[in-house]
Amino acid sequence: MRVGVFTPLLSQLPLEGVLTKLLALDIHTVELGTGNYPGNAHCKLSMLDDSSALKEFKLKLEDQGASISALSCHGNPLHPDPDHAKQAQEVNRKTILLAEKLGVPVVVDFSGCPGDSPNAKSPNWVTCPWPPDYLDLLAWQWDEVVAPYWLERAKFAEQHGVRIAIEMHPGFVVYSPETMLRLRSIAGPSIGCNYDPSHMFWQGIDPIAAIRILGEAIFHVHAKDTQLYPANLPRTGVLDTKPYTDERNRGWIFRTCGYGHGAEWWKEFVSTLRMFGYDDVLSIEHEDSLLSPEEGLTKAAQFLNEIVIKAEPGAAWWI
């Protein structure tokens, strides 16, 4: 297991500056955005058609002894607006091709969320089974939009030696272990998850117990925490739509690792990941509205580097 960083929080720095900064924190692995919501500050898809730029990019990484854990293009490829969907899908397609060229095994994305009909303007996230219109809508979304797209995209990724890690996230059709495994059962083993425990906490899902459910479907892991506020939850419930910056009144907010749950929890989280076959990267993602990116990154790196046991090659990690 090793600590990495999802680099959009350092988008103001050039790639060389990012790698130098992370090296000082004893981090040698990065997850890079290629477009859609994360942006592409450090990894341009134009390198697909520019061999010299691709070579220069690889040299920058090699010079710093850095590796890439994943390329991330979180978007909504199922958006009911055709132009929006086409853009997200094309970024995903090119990201898979670039991952193949770079030897990166994982591309991270969202599952997406369709609208309520072929004529919809906005996504429609179904969160309850009644009135019965919602179940009819959900069946239409999965049968007519979700399954056809992801069946095709999974085959494309497999043909190029890449696995797609879907981040379970509110607002999209895949947001829980159950919906994640439903998509995997449809699209096949090249579809798994980017496991972010912060999105389990707010739903009332035990993130450690969920590892046992997801098992080999975990392809990549984000290191991000959540703090619950019991004083607010009786009023807000978990489906809290207030801005994340309204910390005083929300039922929960995202936090830097260690600020929502302590070292004992994170040790058990890491140990259970290993127990169920994941012994790769914990990629720090900063979305803590109470700490600056600089503070959040530094504190998360120090915290996780103390927890992760870096075994020598061939050695048992528990020795």
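This is a predicted model: local features need pLDDT of at least 70, side-chain atom pairs count only at pLDDT 80 or more; totals for chains, interfaces and linings use all residues.
1. The lining of the largest cavity comprises 6 nonpolar residues, 3 polar residues and no charged residues. The residues in question are Leu19, Leu22, Leu23, Ile27, His28, Thr29, Val30, Gln64 and Ala66. Two elements, helix H1 (15-24) and strand E2 (29-33), each give two or more residues to this lining. The most is given by H1, with 3 residues.

2. How many cavities of 30 Å³ or more does a search of the whole structure find? The search finds 1. The space in the largest cavity amounts to about 50 Å³.

3. The lining of the largest pocket is made up of Phe6, Pro8, Leu9, Tyr37, Pro38, His74, Phe110, Glu167, His169, Glu285, His286 and Glu287. By class, 6 of these lining residues are nonpolar, 3 are polar and 3 are charged.

4. Helix H7 covers residues 207-214, and its buried residues are Pro207, Ile208, Ala210, Ile211 and Leu214. Why can these buried residues be said to line one face of the helix? Viewed down the axis of H7, they fall within an arc of 155 degrees, so they line one face.

5. Against which elements do the buried residues of H7 pack? Their partners are helix H5 (177-187), strand E6 (191-195), helix H6 (198-201), strand E7 (218-223) and helix H9 (263-275).

6. At its start, the backbone nitrogen of Ile208 has a side-chain oxygen of Asp206 within 2.9 Å. Ile208 is also one of the buried residues of H7. Just after the helix comes Gly215, whose phi is positive, at about 50 degrees.

7. Two residues other than glycine also have a positive phi. Asp26, which is not a glycine, takes a positive phi of about 60 degrees. Asp26 is situated in the loop between H1 and E2, and its relative accessible area of 40% makes it partly exposed. Asn36 likewise has a positive phi, near 55 degrees, and is a residue other than glycine. The loop that holds Asn36 runs between E2 and helix H2 (51-63). With a relative accessible area of 25%, Asn36 is partly exposed.

8. A further backbone feature concerns a proline. Between Trp130 and Pro131 the peptide bond is cis, and its omega is near 0 degrees. Pro131 belongs to the loop between strand E4 (106-109) and helix H4 (133-159).

9. Is Thr245 buried or exposed? Thr245 has a relative accessible area of 59%; residues over 50% count as exposed, so Thr245 is exposed. Thr245 is found in the loop between helix H8 (233-236) and strand E9 (252-255). From C-alpha to C-alpha, Thr245 and Gly115 are 28 Å apart in space, and they are 130 residues apart in sequence.

Terms used: Residues are numbered from 1 along each chain as its sequence is written. Side-chain values use heavy atoms; hydrogens and water are left out. On a 1 Å grid over the protein atoms alone, a cavity is a set of points where a 1.4 Å probe fits but cannot get out, and a pocket is an open set with protein on both sides within 12 Å along at least five of seven lines; lining residues have an atom within 4 Å of a point. Grid points are joined across faces, edges and corners, and a volume is the space filled by probe spheres set on the points. Helices (H or I, at least four residues) and strands (E, at least two) are DSSP runs, numbered from the N terminus. Ala, Val, Leu, Ile, Met, Phe, Trp, Tyr, Cys and Pro count as nonpolar, Asp, Glu, Lys and Arg as charged, and the others, Gly among them, as polar. Buried means under 20% relative accessible area, exposed over 50%, partly exposed in between (1.4 Å probe, protein chains only). The arc is that of the directions from the helix axis to the C-beta atoms. Contact means heavy atoms within 4.5 Å. A polar contact is a pair of N or O atoms within 3.5 Å; within protein, one must be able to donate a hydrogen and the other to accept it, and residues adjacent in sequence count only if both atoms are side-chain atoms.
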